Amino acid sequence: MKRMNETILVTGGAGFIGSNFILGWMRAGASSPTSAGVNGAAAVVNGAVAVVNLDLLTYAGNAANLAALEGDERYTFVRGDICDAELVGSLLRKYEPKTIVHFAAESHVDRSIVSPEGFVRTNVMGTFTLLEQARVYWSGLGDEDRAAFRFLHVSTDEVYGTLGPDDPAFSEETAYAPNSPYAASKAGSDHLARAYFHTFKLPVVTTNCSNNYGPFQFPEKLIPLMILNALEGKPLPVYGDGKNVRDWLFVEDHCAAIRAVLEKGRPGETYNIGGNSERANIDVVTAICDIVDEMRPRAGAAPRRGLITYVQDRPGHDRRYAIDARKIANELGWKPAEAFESGLRKTVRWYLENGDWVESVRTGAYRDWIAKNYAERAQL
Ligand code: NAD
Ligand code: DAU
């Protein structure tokens, strides 16, 4: 009979949320009652559970996000593809993890409109490959280990589609109605996760979270793009009328919610995670302008709000997202700790203080993407 140990296998841990999750996990010292890995791998070192990070390092992944863990015995990085069944199977056999936290995905809606195929490959086939390899590994465990094992599938509120201004927020009962290729590929992965619990009893838990922001977010997404453009005096391209609404959550709150789900979440359940911070895009962008003006004043220059430029909308652009997070609050006791205004200030400060990181991710491929996405967007 195979045994498992306390190790967690994280996919996509070099991306925005994954790297914040691993750093937070190590900071929290995520302690464990057991001590050693059965195969000799370091499963628990100094009371903290080891992490194996499987990441392909696509344009969105950056191993340097985890530079703080260099030399840390608890951390292992593996560059590889979640679609590679042989690799995934061998990692499960080698590290015998108790938990898989699955972040790896293609995550940018605009890119899914330009080139959807990679989204279906990674988000649907990649999740299928992980679930299937996890099922094979988990089937070989003893009863106690099988009961303790968790596969946490990290998903998005975009699977629920769009809301009108007075609609109730998305709950776990809201019907799926994905509108972009990204959202459809995530919905497909959620359905596979659900089916693996229902059919095989693999202990899967799914989380559906709203828009995250914070350190290490790739500057193709609204908040970091606007911070950097504002800093550099470039136009701030707001899609459509700027009144689309998102429910913003500071990334460390999302990571804390995932830890709560790992600790207390029930297999087969889904948990919606949100920030109770609905904001129209234009309000987010003006707030960023004001914070950058305050932190990096430009003598004699006009306020940065003047850089706001309305541009042609994203096709199929969802109007409003909002999360009803009562289930996770009531069942698991999780609530967001950070207010949007203070989280946004922390985020702006982080980008201002981490110019080297910014330069390292703004590669030629990044510049090509920015040119492609914005060049053909007519100014409104
Ligand atoms: P991201 O794009 O910043 O990072 C994705 C990571 O996955 C990168 O490190 C990339 O290298 C890796 N990756 C991509 N394809 C891979 C593959 N085939 N094999 C292995 N690794 C691969 O994404 P993010 O914003 O950190 O999102 C993480 C997860 O959270 C995603 O599943 C996303 O759908 C979900 N999510 C994101 C948000 C958000 O606001 N960013 C909100 C809710 C849910
Ligand atoms: O809701 C959760 C989702 O949030 C995650 O599942 C996705 O991975 C994540 O990328 C995010 O999706 P959005 O499409 O909401 O995020 P984005 O930052 O791309 O855009 C936020 C809003 O800002 C959206 O209404 C589009 C708008 N926008 C975006 C960009 C990049 C602009 O107005 N201008 C821009 O240049």
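Q: How far is an oxygen atom of ligand 1 from a polar backbone atom of Gly15?
A: The distance is 2.9 Å. Keep in mind that this is a predicted model, where local features need pLDDT of at least 70, side-chain atom pairs count only at pLDDT 80 or more, and totals for chains, interfaces and linings use all residues. Residues are numbered from 1 along each chain as its sequence is written, chains are lettered from A and ligands numbered from 1 in the order in which they are written, and side-chain values use heavy atoms, with hydrogens and water left out.

Q: Which other backbone atoms lie by an oxygen atom of ligand 1?
A: A backbone N or O atom of Phe16 is 3.1 Å from an oxygen atom of the ligand. For Asn212, a polar backbone atom is 2.9 Å from an oxygen atom of ligand 1. A polar contact here is a pair of N or O atoms within 3.5 Å; within protein, one must be able to donate a hydrogen and the other to accept it, and residues adjacent in sequence count only if both atoms are side-chain atoms.

Q: How much of ligand 1 does the protein cover?
A: On its own, ligand 1 has 840 Å² of accessible area, and the protein covers 97% of that. Areas come from the Shrake-Rupley method with a 1.4 Å probe; for residues, only the protein chains shown count as cover.

Q: Which elements give two or more residues to that shell?
A: They are α1 (16–27), β7 and α6. β7 gives the most, with 3 residues. Helices (H or I, at least four residues) and strands (E, at least two) are DSSP runs, numbered from the N terminus.

Q: And which residues come nearest to ligand 1?
A: Of the 28 residues around ligand 1, Ile17, Asp55, Ser107, Tyr182 and Lys186 come nearest. Being near takes a heavy atom within 4 Å.

Q: How does that shell divide by residue type?
A: Into 13 nonpolar, 12 polar and 3 charged. Ala, Val, Leu, Ile, Met, Phe, Trp, Tyr, Cys and Pro count as nonpolar, Asp, Glu, Lys and Arg as charged, and the others, Gly among them, as polar.

Q: On to ligand 2. Which residues come nearest there?
A: Asp157, Tyr182, Arg314, His317 and Tyr374, out of 25 residues around ligand 2.

Q: What are the side-chain distances for Asp157, Tyr182 and His317?
A: An N or O atom in the Asp157 side chain is 2.5 Å from an oxygen atom of ligand 2. For the Tyr182 side chain the distance is 2.6 Å. A polar side-chain atom of His317 lies 2.7 Å from an oxygen atom of ligand 2. The protein covers 95% of the 690 Å² of accessible area that ligand 2 has on its own.

Q: What is the make-up of the ligand 2 shell?
A: It divides into 11 nonpolar, 8 polar and 6 charged residues. α7 (222–231) and β10 (236–239) each supply at least two residues of the shell.

Q: What happens just after α6?
A: Lys201 takes a positive phi of about 65 degrees, although Lys201 is not a glycine. Lys201 lies in the loop between α6 and β8.

Q: Is Lys201 buried or exposed?
A: Exposed, because its relative accessible area is 51%.

Q: Switching topic: where does Glu220 lie?
A: In the loop between β9 (212–213) and α7. Glu220 counts as buried because its relative accessibility is 3%.

Q: What does Glu220 touch?
A: Not counting residues up to four places away in sequence, Glu220 touches Tyr59, His108, Arg111, Tyr366, Trp369 and Tyr374. The side chains of Glu220 and Tyr59 make a polar contact at 2.9 Å.

How values were computed:
Buried < 20%, exposed > 50% of the residue type's maximum accessible area, 1.4 Å probe, protein only. Contact = heavy atoms within 4.5 Å.
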